[in-house]
Structures are given as C-alpha cells and as structure tokens.
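Student: I have a model open and I'd like to learn how to read its features. Can you take me through a few?

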Amino acid sequence: MSWQDKLRAVEPYVAGEQPKIVNMIKLNTNENPYGPTPKIKEVLNQLDIDKLKLYPNSDADDLKSALAKYHGLNEDEVFLGNGSDEVLALTFLTFFNGKDPILFPNITYSFYPVYCDLYQMSYKELALNEDFTMNIQDFMQPNSGIIFPNPNAPTGLLVDLDFIETILKNNKESIVVVDEAYIDFGGVSCVPLIHQYDNLVVIQTFSKSRSLAGSRIGVALGNKEAISHLYDVKNSFNSYPVDYVTQQVALASVLDSQDMKEKCKKVINTRERTKAALKELGFIVPDSYSNFVFVKHPEVDGKTLFLALRKEGIIVRHWDKENINQYLRITIGTDEQMDRLLAFLKDYLKR
Ligand SMILES: Cc1ncc(COP(=O)(O)O)c(C=O)c1O
C-alpha cells in the first residue's frame, strides 16, 4: 500500500488557453469583447483599502440585495460564489446525491462530467439529435439530478420555457439545474419559474454578458430552502469566497445593467452578421443564442482549420472529441475582429 493507492486521482477540466501571442485575436473562451461598465473604475478609485484588513461581508448583502431586485426575487433566493464554476461544483455536491445517474446532454459544458468524477457520482450522457437538439423523452427516466446549459454550450442552441417546464413537472423528486451562462445574448431566462417550481435552480455568471471574467463571480437562484442548503455546503467548505473588491465591482455592474444590455445587443448584431457571412462561405452554422457560433465546413477538416487560424493569430476553440471534432466554436468579438476572421477564411477557402 502506498499513498498513491489512497489518492483521489482525477482528470481535470481543461479550460480554453490564455495564450501570450502578440496581436492575437482571442475568440476561444467566450469573453465579452467590450469591457465592463465604466462605473467600475469610479468604484475602484474610491475603494477603502483599510477594509482589506478585515474579512469581507460573507453574505455580500448589498450585492445580493441588488441582484434580488434585478431578478424580482427575495434576497434569500440568491446565492453568490467565486465564478459559476465554483457555484456549479457546490451545486453538484449539494443536490446530486442519489443512487441514480445525473443526466446531461452528451454535447455540453465539459466541466459537468469532471465534477461527477471528482465526487464519484454516476452520470448518463443524453445523446443529442444530429442537429444538436435535445429529446424531451430522455429526461423522463430515473435520475439523481438534471443539468444543462440554456443556451447549450458549445452548440449555442436554446430551448423554450415549455421544454423546461415539462422537465420540471416530470422530475419533481430531483433538482433541475439550468446553467444560464449565456442567457443575456438573446435567450429567455427561466428565473421567473423559480416561484412555481421548488426543484428549479438557475445558475448565471458575470463572466460573459457582464464582461467580468477576471473578477470571478457566479450566482445560483432558486427557492429559499434550496439556496439555504447550498449555503450550508459552501459554509462547510469556504465561508468567504466572494472578496471585498469583487463584491464592489459586481455591485456596480448590477446597478448599471443597462450598459450590459447595450453591449449584448452589439454582440448579437455582430453574431447575426457573422452567421450570414459564414453561411455564404459554405459553413454549416447551427442557430446560436449565445456569444459564440459553433460551425463546420463540409470540405475542410476541423482541426486543420483550427491550426490554420492559430497560425494566423486567430485563436478559436476545437475539441478532439467524437461527434464534434469537425466543429469550431468561435467567440463573437468586435466587428473588426470578425472582419479579420472572415477575410482570412475567405482567402483560405480559395486556396
Ligand atoms: C456553460 C458554462 N457554464 C459555466 C461556465 C463558467 O463560467 P465562470 O466560472 O467564468 O462563471 C462557462 C464558462 O465558459 C460555461 O460555458
């Protein structure tokens, strides 16, 4: 027997790279090309650095209250964490403890199976149709919990509220988690369903629409009882995940949500223009309700194209995974960045 026999050896999630290439066009991790609200600068300039000697307000009261107001919820229906990856990790740990498998699509956020392996939970991947749509029937089987992003990542496809309600009604004995990381880019949020279904937990992030990936702030929204269990687990792990500076930064973002909405509109316009241009170049472009497109070209291998773009300093995301290895996920950048991408592709496809 050695210490290695007692290890929890896991294969970690591999995040999109943050390369240090000069003048690159970074379209690989779905960051927002437009910065956060300029109000944050004022807040940072006025920070009371003496407060840093104290532990932060562990309940992040001001931020929680502003978020509750924004979503039309009560404060005890809001949970805050250090990025939505941490909120997701705590959500799995809190709610998904039965004997049956956890259900999620086979093409989805690749962190979900990593959490299951970490916690030694069983899971079942639900095969998407060829057009990446989900089958409602797949969610009608015994399970210890259900999770999917809406819109889904990396496909970008959205399901409507009827689809979500059908899942909620047929799974009253499980928590259904809807990961709305990209909902502000044109989807309809299911947050208003929280007061109708006590088995719904919605997760959102400040990393995408609010342009605060560098600040690490994630949110879970659900009924009071579910949220209090989530806090119990968090407080058994780390009482102070959201630091003082992040609380101030995130609060400024919530108080200026109009800025976020305007920037999302710009991203949506660029996305629609990019979709049309890619189709014209012969790409297969599934519909997207997020700040990325998931595309393939019938005549060019996905990995080859990924490497050609990289050589040009244009970084997109590619997975060496069956089903999706012909696809590239391209984050929507500024109009100028997308024009450079499109010009390169036009030229490359002529060769
Ligand atoms: C579907 C989905 N959920 C959650 C996250 C995590 O975001 P963060 O930890 O930055 O809040 C991501 C990040 O790419 C994502 O794509």
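Predicted model: local features only at pLDDT ≥ 70, side-chain atom pairs only at ≥ 80, totals over all residues.

Student: Let's start with helix 9. Which of its residues are buried?

Tutor: In helix 9, which covers residues 302–311, the buried ones are G302, L305, F306, A308 and L309. To see whether buried residues form a face, look down the helix axis. Here they fall within an arc of 165 degrees, so they line one face of helix 9.

Student: What do those buried residues pack against?

Tutor: Their partners are strand 10 (314–315), strand 11 (328–331) and helix 10 (335–350).

Student: Now strand 11. Is L328 buried or exposed?

Tutor: Look at the relative accessible area, where under 20% is buried. L328, in strand 11, has a value of 3%, so L328 is buried.

Student: Which residues does L328 contact, leaving aside its neighbours within four places in sequence?

Tutor: Among them are G302, L305, F306 and L309, as well as V293, F294 and V295.

Student: What about the largest nonpolar core: which members touch the most others?

Tutor: Out of 76 residues, those are L63, L80, F96, I147, F148 and L200. Helix 3 (residues 84–95) supplies the largest share of this core, six residues. Take L63 as an example: beyond four places in sequence, L63 touches L80, I217, Q247, A250, L251 and V254. Another core lies apart from the largest one and has 32 residues, including Y34, A181, V300 and L345.

Student: Last one: R210. Where is it?

Tutor: R210 sits in the loop between strand 7 (200–205) and strand 8 (218–222). R210 is buried yet has no salt bridge, and the nearest side chain of opposite charge, D184, is 5.4 Å away.

Student: What does the side chain of R210 reach, then?

Tutor: The backbone oxygen of S253, at 3.0 Å. Leaving aside neighbours within four places in sequence, the contacts of R210 also include P36, Y70, V254 and M260.

Methods:
Residues numbered from 1 in each chain as written. Heavy atoms only, no water. Helix = DSSP H or I, 4+ residues; strand = E, 2+ residues; numbered from the N terminus. Buried < 20%, exposed > 50% of the residue type's maximum accessible area, 1.4 Å probe, protein only. Lys, Arg positive; Asp, Glu negative; His and termini not counted. Salt bridge = Lys/Arg side-chain N within 4 Å of Asp/Glu carboxyl O. Polar contact = N/O pair within 3.5 Å; in protein donor to acceptor, adjacent residues only side chain to side chain. Contact = heavy atoms within 4.5 Å. Arc of directions from axis to C-beta. Core = buried A, V, L, I, M, F, W, Y, C linked by side-chain atoms within 4.5 Å.
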